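Me: I have a structure open and want to learn how to read its features. Can you take me through them in turn?

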Amino acid sequence: MSTTPAPLHLEVADLPVVLRFAPAAEPDRGTAAIAAQLAELWEPLVTRSPRDPAPAGITLRVGITGETGDDADGADTIQLPPEHADSSYIVSGRVTQALIEHFIGERLLLHAGAVDLPGVGIVMVTGASGAGKSTATTVLAASGGYITDELTILDPRSLQIDAYPKPLSHVYTIDGARIGKRDFTMAEVGIDRVLTGRVGAPSVFLLVNRDQDADGVTFETMRLVESVAEISGQSSSIWLIPNPLGTLVRLLQQTGGLLRATYAESADLPAALAEHLRAADDAPADAPTGASFECDIVDPPAHLRPAEAPDPSVLGSDCATGTAGAPLRLLPFHQAVWTADGCVVLTGGDASTAVVLEGLSALLWSLLLEADEDADAPADLTEADLLALLRVEIGDHPDSETVLTEVLALLRSHALLV
């Protein structure tokens with residue numbers, strides 16, 4: 001006789017999340033076993049006072065292929081392979097995806113871990129895929145408290161973090177061979193303290209860079225243009241929040257800049273980070289910090305706002321191909337940050353990216369933008385017009401036409417210009 005496991009009620013950032021399970025043919029197998037496993041893994045987020053998730057919350061139905069009679073995998077249904085070690089990891093991924101979809105445009109969502117370290121505060125941890133972010137987060141959390149290992153949810157106004165202490169996900173092996181990823185409980189990875197609810201704003205922002213040839217642990221505060229572009233790349237929806245790049249600049253000011261940590265062994269990170277921060281606190285007040293936050297935030301004029309700009313296809317084939325004599329048109333962008341080192345432009349469109357412009361590419365883009373702003377409309381400058389403006393700015397050069405052509409091609413390749 002089949003039985004239906006009780007729903008699992010979670011709460012993340014004041015949002016009710018409910019996992020409902022298909023009937024189980026046996027009390028200790030199938031969805032019953034999955035439900036028991038998930039209850040243990042998600043224990044920090046289990047609410048003792050469950051709320052009805054409708055209409056604002058999230059409800060996901062969990063079943064096992066071949067056991068429920070309905071093998072469809074849909075937006076609200078998770079079909080798991082039978083007797084699969086990765087089942088909880090699959091569920092975790094779907095819960096995280098559902099949270100991202102719910103909070104897009106409302107919260108600053110970053111692919112980053114977060115921990116609470118005694119004497120330091122909240123440390124956010126990000127890095128490229130394979131750089132060791134999850135391992136570094138786990139090691140640091142074992143020295144303090146765990147907040148999240150994959151998705152950091154921030155209020156874009158206050159920069160306060162809402163904890164999301166999901167199960168920790170790590171690679172597992174069998175006989176030395178990498179099989180895949182699975183979820184681990186806090187006890188399995190040596191974490192004793194878990195934070196929930198709203199936990200405060202971050203004090204440190206780490207970019208981890210695991211290098212097997214590194215000698216010890218080194219720290220470097222990155223330039224503002226690099227930092228803004230790096231963090232933008234850790235969000236799939238940054239442009240949907242108000243003042244997107246301005247918010248990232250405030251986050252970097254809050255944390256003293258993005259700190260790149262290069263190391264061979266993650267076990268060395270906690271002590272090295274504490275020592276680095278102590279040395280920074282003990283430095284003379286007039287000592288250089290390596291971080292400069294002087295910048296200008298630039299919003300697009302009305303005709304270059306992504307929602308209001310015309311489709312580039314209507315501008316004509318001459319513009320799109322860069323034909324000689326055709327007017328140059330800037331493409332829509334969401335926002336830009338100008339610093340002494342260059343600028344970061346958050347491109348328009350559904351696949352927005354943060355592009356770093358330095359040197360002549362930054363200068364030429366700015367000349368085109370200034371011309372548009374002065375005209376409050378597309379200025380329709382040609383390459384000859386832009387070359388004349390460039391000569392005013394930097395003087396004549398025998399290769400100026402060739403250089404201009406190369407830089408314009410670069411801007412086009414980044415979807416900044418047609």
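Predicted model: local features only at pLDDT ≥ 70, side-chain atom pairs only at ≥ 80, totals over all residues.

Me: Start with the inventory. How many helices and strands are there in the protein?

Reply: The protein has 10 helices and 20 strands.

Me: What share of the residues is buried?

Reply: Buried means under 20% relative accessible area. Of the 418 residues in the protein, 48% are buried.

Me: And how do I read the contacts along the sequence?

Reply: Look at how far apart in sequence the partners are. Take the contacts with a separation of 6 or more: 68% of them are between residues 24 or more positions apart.

Me: Now a sheet. In what order do the four strands of the open sheet lie?

Reply: Read the strands across the sheet, then check their directions. The order here is β1-β2-β3-β4, and the pairing is mixed. Next, find the edges. β1 (8-12) and β4 (77-80) each pair on one side only, which marks them as the edge strands. From one strand to the next, the twist averages 25°.

Me: In which sense do β1 and β2 pair?

Reply: The sense is antiparallel, and five bridges join β1 to β2, which spans residues 15-21.

Me: What sits in the loop between β1 and β2?

Reply: Ala13 is located there. Check its backbone. Ala13 is not a glycine, yet its phi is positive, at about 50°. With a relative accessibility of 14%, Ala13 counts as buried.

Me: Which residue in the loop between β9 and β10 can I compare with that?

Reply: Go to Leu159, which lies in that loop. Leu159 is another non-glycine residue with a positive phi, about 65°. Its relative accessible area is 3%, so Leu159 is buried.

Me: On to helix packing. At roughly what angle do the axes of α1 and α2 cross?

Reply: Read the distance and the angle together. Helix α1 covers residues 31-41 and helix α2 covers residues 87-103; their axes come within 10 Å and cross at roughly 60°. Angles from 65 to 115 degrees would count as roughly perpendicular, and those under 35 as roughly parallel. The two helices α1 and α2 are therefore oblique to each other. The handedness of their crossing is right-handed.

Me: Which residues of α1 and α2 meet?

Reply: From α1, pick out Ile34, Gln37, Leu38 and Leu41. They meet Ser87, Ser88 and Val91 of α2.

Me: Salt bridges next. How many does a search of the whole structure find?

Reply: It finds 15 salt bridges. For each one, ask about distance, sequence separation and burial. Take Asp116 and Arg193: their closest N and O atoms are 2.8 Å apart.

Me: Is Asp116 buried or exposed?

Reply: Asp116 counts as buried, at 15% relative accessibility. Arg193 is partly exposed, with a relative accessible area of 37%.

Me: Where do Asp149 and Lys166 lie?

Reply: Asp149 lies in the loop between β8 (145-148) and β9 (151-154), and Lys166 in the loop between β10 (161-162) and β11 (168-174). Their side chains meet in a salt bridge, 3.3 Å from N to O. The pair ties together parts 17 residues apart in sequence. Asp149 is buried at 2% relative accessibility, and Lys166 is buried at 0%.

Me: How far apart are the closest N and O atoms of Asp341 and Arg223?

Reply: They are 3.8 Å apart, and the pair forms a salt bridge. Asp341 is in the loop between β18 (333-339) and β19 (342-347), while Arg223 is in the loop between β15 (218-221) and α4 (224-232). These distant parts of the chain are 118 residues apart. Asp341 is partly exposed at 39% relative accessibility. Arg223 is also partly exposed, at 32%.

Me: Which residues do shared partners join into one network?

Reply: Follow the salt bridges from partner to partner. The network consists of Glu106, Arg107, Asp155, Arg157, Asp162 and Arg198.

Notes: Residues numbered from 1 in each chain as written. Heavy atoms only, no water. Pairing = 2+ DSSP bridges. Axes fitted to C-alpha atoms, helices over the stretch in contact; angles between N-to-C directions. Salt bridge = Lys/Arg side-chain N within 4 Å of Asp/Glu carboxyl O. Buried < 20%, exposed > 50% of the residue type's maximum accessible area, 1.4 Å probe, protein only. Parallel < 35°, antiparallel > 145°, perpendicular 65-115°, else oblique. Left-handed = near helix turned anticlockwise from the far one by under 90°. Contact = heavy atoms within 4.5 Å.
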